[in-house]
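Please read them with the structure open.

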Amino acid sequence: MNNLFGGSPPAVILKIAIASVCVGLLLAITGMDPLMVWEDAFSTIGEVWGYALDWFVWAGKYLVMGAIIVVPIWIAVRLFDVLFGGSKPS
């Protein structure tokens, strides 16, 4: 059980409680409340998700554009290799 918690459970719980109080005081000094932190966390996750989707759309466009050129060349090279004596079994 000590390995799971990183020490004895009562000591770890006490450390987490002290750290939570310190962070809570720090947030209170800056004028934040728990609801604000919770709402901001969800909006931040939503923004990160939006940025990730934007990146995939951007990368997908260039992937398709490049594939229009690369895939036919790759097919031609493979066909040439197969038809005109590529690697021979030893």
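1. Arg 78 and Asp 81 lie three residues apart in helix H3, so about one helical turn separates them. An α-helix has 3.6 residues a turn, so residues three or four places apart point the same way. The side chains of Arg 78 and Asp 81 meet in a salt bridge, at 3.3 Å from N to O. The term salt bridge is used for a side-chain nitrogen of Lys or Arg within 4 Å of a carboxyl oxygen of Asp or Glu. A search of the whole structure finds one salt bridge. Arg 78 is partly exposed at a relative accessible area of 39%, and Asp 81 is partly exposed at 30%. Here buried means under 20% relative accessible area, exposed means over 50%, and partly exposed lies in between, with a 1.4 Å probe and protein chains only.

2. This is a predicted model: local features need pLDDT of at least 70, side-chain atom pairs count only at pLDDT 80 or more, and totals for chains, interfaces and linings use all residues. Residues are numbered from 1 along each chain as its sequence is written, and side-chain values use heavy atoms, with hydrogens and water left out.

3. On confidence, the protein chain has a mean pLDDT of 88, and 92% of its residues reach 70 or more. pLDDT is the predictor's confidence in each residue, from 0 to 100. Confidence is lowest in helix H1 (residues 2-5), with a mean of 70, and highest in H3, with a mean of 92.

4. The protein chain has three helices and zero strands, and its pattern along the sequence is α-α-α. Both element types are DSSP runs numbered from the N terminus: helices are H or I with at least four residues, strands are E with at least two. Helix H2 (residues 9-29) has 21 residues and reaches 30 Å from its first C-alpha to its last, close to the 30 Å expected at 1.5 Å a residue. That expected span is 1.5 Å times one less than the number of residues. Just after H2, Gly 31 takes a positive phi of about 90 degrees.

5. What is the radius of gyration of the protein chain? The value is 28 Å, whereas a compact globule of 90 residues would have one near 12 Å. The radius is taken over C-alpha atoms, and the globule rule is 2.2 Å times the number of residues to the power 0.38. Along the principal axes, the C-alpha atoms fill a box of roughly 75 × 35 × 15 Å. Of the 90 residues, 1% count as buried.

6. Tyr 51, in helix H3, is exposed at a relative accessible area of 57%. Its C-alpha is 15 Å from that of Lys 61, ten residues apart along the chain. Val 71 and Gly 50 are 21 residues apart in sequence and 30 Å apart in space, C-alpha to C-alpha.

7. Val 71 is in helix H3 and counts as partly exposed at 40% relative accessibility. Val 71 also belongs to a nonpolar surface patch of about 910 Å², made with Trp 74, Ile 75, Leu 79, Phe 80, Val 82, Leu 83 and Phe 84. Patches are made of residues with over 30% relative accessible area and no salt bridge; like charges are joined within 9 Å, and nonpolar side chains (Val, Leu, Ile, Met, Phe, Trp, Tyr) within 5 Å. Phe 84 sits in the segment after helix H3 (34-83) and is exposed at 59%.

Technical notes:
Accessible areas come from the Shrake-Rupley method with a 1.4 Å probe; for residues, only the protein chains shown count as cover.
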